[in-house]
Amino acid sequence: MKLWSEDKAQNFVPFPLDHLLAWLTFLLLTFIGILNQFNMGEDASHVYKNILWYVIGLSIFFLIYFKIDFKKIPPQIYLISYMGITLLLALLAIFKKRWLIIGSISIQPSEFLKIILLLFFSYLFSKRREGSEMIALWLVYLGLLGLPLLFLLPVDLDYAFIIGLTFFLFFVFSGLPKRLLFLFIGLGLILSVTLVPLAWHKLKPHQKGRIYGFLEPQKYYKTWSYQLYQSMIAIGSGGMTGQGFKQGWSTRLNYLPAKHTDLAFSVWAEAFGFLGVSIYLTLYGYLLYWALNLTPKIKDPFGKYLCLGIFFIFLFQLFFNLGGSTGLLFMTSIPQPFLSYGGSITITTYILLAFLFKLAKRKFIFK
Amino acid sequence: MIKKKSFNVNLNFSPKNTEVIDEKILTQKWKKRVLILHFLLFFLLFILLVRVFYLQIIKHKYFLKKAKERSVATYIIRAPRGEIITSDGVVIATNKPIFQLYLDPEVIKDYEEEILKKLSLILKEDFGLLKERYYLAKKKYLGRILLKRDLSWDEVSKILVRQYYLPGVIVEVEVERYYPYGEIYFHLIGYVARLDRNEYKNLKEMGYSPEDYIGKSGIERVYENYLKGVNGQVEIERDAKGRLGKIIGRSHPQPGLDLFLTVEHHAQVGAYELLKGKRGAIVALSPKDGSLLALVSSPAVDPNKYISGFTPEEWKSLQHNPFKPFLNRALQAYPPGSTFKLVTALAALERGIIRDPRSSFFCAGSFNFGRKVFRCWEKRGHGSVDLFKAIAQSCDVYFYNLGLKLDIDYLAKMARSLGLGLPSGIGFPGEKTGLVPDRAWKRKQFKDEWYQGESIVVAIGQGYLMTTPLQMAKAYMVLANGGYRFKVFAVKEIRDKQGRVLKKYNPLVEETVPINSQHLSWLYEGLKGVVEYGTGKAAKVPGIQVFGKTGTAQVVSLEKKRANLEHHAWFVSFATNGTTGLVTSVFVEHGGGGGAVAAPLAGEFYRVYFKLPPTHPIIPSGDVLEEEAPPAEEGNAIEGVSDR
């Protein structure tokens with residue numbers, strides 16, 4: 001009596017090392033995230049509230065990881081949630097609201113938009129023959145992407161831009177025809193040359209200020225670039241080993257504005273220095289690297305696209321947040337996964353991670 | 001790549017289509033994509049890491065400095081200045097603790113008005129005035145603003161209980177300079193004042209803080225480096241709202257060093273009392289070593305006022321005071337008048353022009369040189385005059401004769417070897433070196449030859465000649481001690497707070513002037529005659545021997561023609577009681593005759609110094625021979641010489 005079929009025995013891999021490392025990374029990043037909540041030096045209630053978010057996030061993570069089977073989800077759900085969030089964003093745009101406030105909880109819809117768009121497009125892409133579709137279809141996809149972003153644009157310009165960019169690259173790497181790609185690049189160039197001067201006048205003063213502040217952080221350090229300058233001081237004063245847990249001047253003495261959300265990285269960098277940043281980037285980078293290498297191995301097309309999308313979302317979230325707080329890019333108000341405080345970001349981060357680790361399960365890889 | 005010409009794109013998401021995909025090609029495609037994305041991933045991670053490296057490692061020092069500037073308030077604890085003590089142990093400059101109210105403009109910049117309003121209520125001061133004071137001070141000084149000094153206990157407690165609502169308001173116990181004797185020592189020890197913006201800019205390299213005080217004149221300035229001490233500082237964390245938190249660093253101030261002066265307190269006070277209400281100076285030196293015993297210039301200013309602040313009226317009246325209280329007259333140059341005659345006499349003796357002191361000239365009241373007529377102050381003439389009588393009666397004609405025979409360069413050399421025309425060595429800023437004219441000087445200044453007629457004028461202490469009262473005292477000191485030209489010094493020791501002597505100033509002989517002792521005794525004889533029977537009888541003090549010479553310096557200035565100004569009165573002398581002695585130079589600006597005005601002051605001063613009973617009144621009795629300056633005639637009046 002054979003316990004294993006030949007086929008199965010050959011394919012059996014006793015929990016590969018990279019998966020083990022990925023789980024370890026996951027745990028360490030969660031630990032770093034919770035550590036940074038304490039590190040912000042706020043009063044206990046604030047910290048515990050966020051620990052609660054971590055508990056909820058992790059619960060959702062394991063719920064998805066163990067209980068939810070993508071195959072059993074009716075595809076209509078993706079379309080319905082897409083339509084739902086688009087409608088919600090349209091309503092919020094009408095009322096000029098960035099946050100959806102239900103009782104005492106405020107939800108940032110743009111965080112959840114990422115997940116819904118990701119699932120929606122991953123499903124759409126998986127149900128087509130790659131390389132055979134017409135341009136018209138791609139235009140439809142682009143239109144479907146643009147619609148919710150159009151509503152997001154007036155209330156959350158930063159997020160609309162970053163989600164747009166993330167998904168455009170997601171499209172490019174999911175088989176966007178080259179003609180269309182070049183057309184868009186060309187169009188983008190022409191538009192930026194012609195429209196930027198026009199759009200400049202349309203920008204709100206605080207948006208213009210950010211650009212001034214980005215270009216000359218020293219000059220406008222009291223006004224437009226206050227946030228950036230304080231962030232740079234916080235990061236820079238961390239040095240090699242940092243000022244110590246809960247010891248950072250900028251953090252402790254409240255010089256860092258938005259230290260819970262946008263500048264949570266600066267809090268980390270100030271307290272733990274270049275060493276701490278290197279650890280964080282290594283862990284985060286490893287997770288991205290692992291996700292990227294997972295992509296081609298996944299046999300299920302839906303999972304393949306989902307995995308690629310998760311990679312892009314995490315990559316750009318990191319790049320724009322860190323780029324903004326180190327003065328490399330314009331300051332954008334997007335939070336950093338793990339480090340930042342907030343229900344929406346914590347929960348969406350763990351949802352995406354749940355997807356990722358679920359995809360890494362053998363049954364997805366060896367279908 | 002699969003190229004399908006037909007538009008067979010299936011929009012109904014049936015799973016059938018996926019099975020048709022050529023897996024091999026697709027796998028290759030994905031591999032290519034992942035490869036590109038690897039590059040993208042590592043590129044972005046690399047950029048971020050490099051950027052963080054740049055901020056945290058390369059620019060670390062810069063940002064740490066910025067962070068510290070922003071989040072740490074550094075307050076200076078001013079070091080108490082060293083004390084200044086006279087040789088008889090009287091502390092004449094000290095420190096006293098007081099409560100100061102400071103505002104930190106950095107902290108309160110966004111709610112200045114609000115804070116000032118609250119303070120005006122607490123201090124019960126007019127809001128407008130307080131505001132004006134604050135903004136004026138902010139413009140002038142860097143660092144914290146001293147809004148009010150010397151707070152009362154009541155005010156201190158009122159502010160301290162409200163401290164949480166008054167960010168940026170600091171009450172501090174500080175030591176402040178205090179001069180117990182005020183005006184008496186103003187011109188000697190000078191005063192201190194807070195650094196202003198420009199001074200701070202120049203001095204910050206030397207460890208000064210914007211809130212420091214610095215010696216502005218006199219000993220306070222000359223010995224600034226010793227007196228100052230080293231400031232301490234406190235580093236306190238400051239949050240984004242400007243509230244101060246815990247102290248993270250503290251260094252204690254090191255007090256300045258104490259100066260022990262050679263000055264004798266009772267002499268200084270006595271001199272000050274004598275000059276009250278007059279314009280002038282009294283300088284006393286010890287002929288033993290050149291140490292300063294007293295230096296008073298009148299009128300003076302209370303140096304404490306530079307710390308507590310002058311009211312605008314006080315300041316204005318001081319500024320416009322015609323008596324110029326800021327001027328240290330002991331160090332200003334004036335024509336020495338007849339007091340210089342002793343120098344002329346010494347030069348003539350040493351040169352061999354006078355071989356016998358009894359040989360005489362005839363004074364008929366005037367002296368003819370070429371077409372010019374030089375008059376003696378005694379219009380009737382002194383008759384036959386020998387050296388002793390010439391000094392005692394201050395006969396001009398006798399000295400005109402010496403001037404005629406003396407070479408100006410030799411006379412100038414003699415004057416300089418007595419210290420005239422040279423810095424006295426006391427080193428005060430603003431000290432004038434005076435002027436001893438000679439041929440080289442004339443050539444340089446006027447591009448002209450020296451005329452013997454000019455020597456005649458110089459011989460009686462007029463003309464281009466300018467000396468300070470301190471220089472005259474120094475010159476007579478050289479005569480008194482038989483030729484030792486000591487450097488004048490006022491500080492004998494510098495000690496630290498434990499009493500260890502860190503620096504000791506020993507007498508320094510600048511030059512030993514070879515004076516024939518016979519000549520010296522003849523000059524002493526003459527000087528004794530001045531006090532015994534000559535022009536300076538008012539300086540005669542029973543019990544001590546005074547050797548002196550009166551001087552009445554003619555004031556030639558354009559002002560003279562407008563306002564009938566009196567001459568400058570001089571009396572330079574030395575006295576001994578057998579065991580100790582001193583040299584004194586008394587100068588009264590526009591005081592009148594030296595014999596009538598300066599000599600009695602010198603006499604009184606000696607009484608004070610030797611602790612003899614004073615005479616009352618000081619005004620001399622009628623039988624004093626009054627010397628006058630030679631009348632200003634075209635012949636000997638030299639334009640341009642003035643007391644200014």
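**What pLDDT holds over residues 1-20 of chain B, and how many contacts beyond four places in sequence does the model have there?** pLDDT stays under 50 over this stretch, with 18 contacts beyond four places in sequence. Here pLDDT is the predictor's confidence in each residue, from 0 to 100, and two residues are in contact if their C-beta atoms, placed from the backbone, lie within 7 Å. This is a predicted model: local features need pLDDT of at least 70, side-chain atom pairs count only at pLDDT 80 or more, and totals for chains, interfaces and linings use all residues. Residues are numbered from 1 along each chain as its sequence is written, while chains are lettered from A and ligands numbered from 1 in the order in which they are written.

**View 1. Confidence in chain B.** Mean pLDDT is 85 for chain B, and 90% of its residues reach 70 or more. Residues 618-624 of chain B stay under 50, with 9 contacts beyond four places in sequence. The model scores ipTM 0.91 and pTM 0.67.

**View 2. The contact between chains A and B.** Chain A gives 43 residues and chain B gives 43 residues. On the side of chain A that touches chain B, the elements giving two or more residues are helices H10 (226-238), H11 (249-252), H12 (264-294) and H13 (301-325) of chain A. Helices (H or I, at least four residues) and strands (E, at least two) are DSSP runs, numbered from the N terminus. H12(A) supplies the largest share, 10 residues. By class, this side of chain A has 24 nonpolar, 14 polar and 5 charged residues. Ala, Val, Leu, Ile, Met, Phe, Trp, Tyr, Cys and Pro count as nonpolar, Asp, Glu, Lys and Arg as charged, and the others, Gly among them, as polar.

**View 3. An open sheet in chain B.** Three strands run in the order E1-E8-E9, with antiparallel pairing. Strands pair if DSSP finds at least two bridges between them. The edge strands, E1 (72-77) and E9 (244-251) of chain B, each pair on one side only. E1(B) and E8 (residues 232-238) of chain B pair over 6 bridges. B:Tyr75 has B:Val234 in E8(B) as its bridge partner.

**View 4. Around B:Ala598.** B:Ala598 touches B:Thr550, B:Ala569, B:Trp570, B:Phe571, B:Val586, B:Phe587, B:Val588 and B:Gly591, not counting residues up to four places away in sequence.
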